[in-house]
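Here is a friendly walk through one model, helix by helix and then on to its cores and a pocket. Have the sequence and the 3D view open as you read.

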Amino acid sequence: MDNTKSKCVLLTGGAGYVGSHTIIPLIESGYEVVVLDNLSNACKGSEGQNPVPISQVEKLVGKPVTFYNVDLLDYDSLSKVFDKHNFCCVIHFAGLKAVGESCIIPLTYYRVNVSGSINLFQVMKEHNIKKLVFSSSSTVYGEPQFLPITESHPVGQNLLNGYAKSKYYIEGIIQDLCNSDKVAVGNRPCINVFGNDYNTVDGTGVRDYLHIMDLAEGHVSALQKLQNSDENGAIAINLGTGNGYSVLQVIDMFSQVSGQKVKYTIVERRSGDCASSYCDASLAKSYLGWEAKKTLKEMCEDTWRWQSSYPQGFSTKK
């Protein structure tokens, strides 16, 4: 199978929020996209039709997108998808991702995220596919030892939740594989703010909020780098703006762009959260030629525009 000439990309978890947005820049960059998702966290379509997010993307790009309702834990079905296509690369988004929930049901997170990834990597190996873009998480840095976080920041130390640990374990598996292969809107009365007693500008958690399309294009930049490079090994690259915003700052900005006061309630800290986390994204700019373009205001404006059009999610439209 000649993977070097193919421009067919597999997106696991491609019906989810990040995955579905990544389809668009991939197609715009000339790639054929195949989506695999078990629809555990996606809006399902009518019988015989693609999931709603995929159908919406098809309307935007003006062409069909191949979709498979397959769980990564179903090894045989996963392998059959690979038999049907000549993939040049896999972009791996699939997995459970709720920090708080991972503290309650950690075994489920390890089974789904880690075991599912192992299945994926094994099938990739059997089909001689060695190019992978893995969408990890800044939670692998644990409680930050310094800010902004660079790629040299230690990982795997003082991890705060099962989600972070599952991502860290997957990163370790990927590194081991590389080392072993030298060839190669109004729905809620208010928003819960989890804690206001952190050592931050206003006591609420600070994060590096990134526009979904900036994030999607960052993954495409990583894929293009893989396609055009003969380098071997695994490289961790931060995707972010390099700026931290508190939860209350985001709420305030959203109130401004929507013209509506966003109500919120301060509740107890959520298990598994740290006070502040934002990255140094300079390596992404120098190595991938990527940098975030959208401001916090634009993020909130686009979120409000979508929410106004789909007040109940994809299931209904005004």
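Helix α3 (residues 75-84) has L78, S79, V81 and F82 as buried residues, where buried stands for under 20% relative accessible area, exposed for over 50% and partly exposed for in between, with a 1.4 Å probe and protein chains only. These residues sit on the same side of α3 because they cover an arc of only 155 degrees around the axis, the arc being that of the directions from the helix axis to the C-beta atoms. An α-helix has 3.6 residues a turn, so residues three or four places apart point the same way. On the face turned away from the buried side, α3 carries the exposed residues D76, K80, D83 and K84.

What covers the buried residues of α3? The cover includes β1 (8-12), β2 (32-37), β3 (66-69), β4 (87-92) and α5 (106-126). Helices (H or I, at least four residues) and strands (E, at least two) are DSSP runs, numbered from the N terminus.

## About the model

This is a predicted model, in which local features need pLDDT of at least 70 and side-chain atom pairs count only at pLDDT 80 or more, while totals for chains, interfaces and linings use all residues. Residues are numbered from 1 along each chain as its sequence is written, and side-chain values use heavy atoms, with hydrogens and water left out.

## Around α1

In α1, the buried residues are G19, S20, T22, I23, I24, P25, L26 and I27. They pack against β1, β2, α2, β4 and α7, with contact taken as heavy atoms within 4.5 Å. T22 has a relative accessible area of 0%, and beyond its neighbours within four places in sequence T22 is in contact with L11, F93, A216, H219 and V220.

The loop between β1 and α1 holds G13, which counts as buried at 12% relative accessibility. Not counting residues up to four places away in sequence, G13 touches G19, L36, D37, F93 and A94. Just after α1, G30 takes a positive phi of about 95 degrees.

## Two nonpolar cores

A nonpolar core is a set of buried Ala, Val, Leu, Ile, Met, Phe, Trp, Tyr and Cys residues joined through side-chain atoms within 4.5 Å. The largest one has 32 residues, of which V9, L11, I23, L26, I91 and L223 touch the most other members. At least two residues of this core come from each of β1, α1 (17-28), β2, α2 (52-61), β4, α7 (212-227) and α9. The largest share, seven residues, is supplied by α7.

Leaving out residues up to four places away in sequence, I91 touches V9, L10, L11, T12, L26, V133, H219 and L223. A second, separate core of 21 residues has Y68, V114, L120 and I174 among its members.

## The second largest pocket

The second largest pocket has a volume of about 200 Å³. Of its 15 lining residues, G240, T241, N243, E291 and A292 are the closest to its centre. A pocket here is an open set of points on a 1 Å grid over the protein atoms alone, where a 1.4 Å probe fits, with protein on both sides within 12 Å along at least five of seven lines; lining residues have an atom within 4 Å of a point. Grid points are joined across faces, edges and corners, and the volume is the space filled by probe spheres set on the points.

Both α9 (282-288) and α10 (296-309) supply at least two residues of the lining. The lining divides into six nonpolar, five polar and four charged residues.

Note on methods. Nonpolar A, V, L, I, M, F, W, Y, C, P; charged D, E, K, R; others polar.
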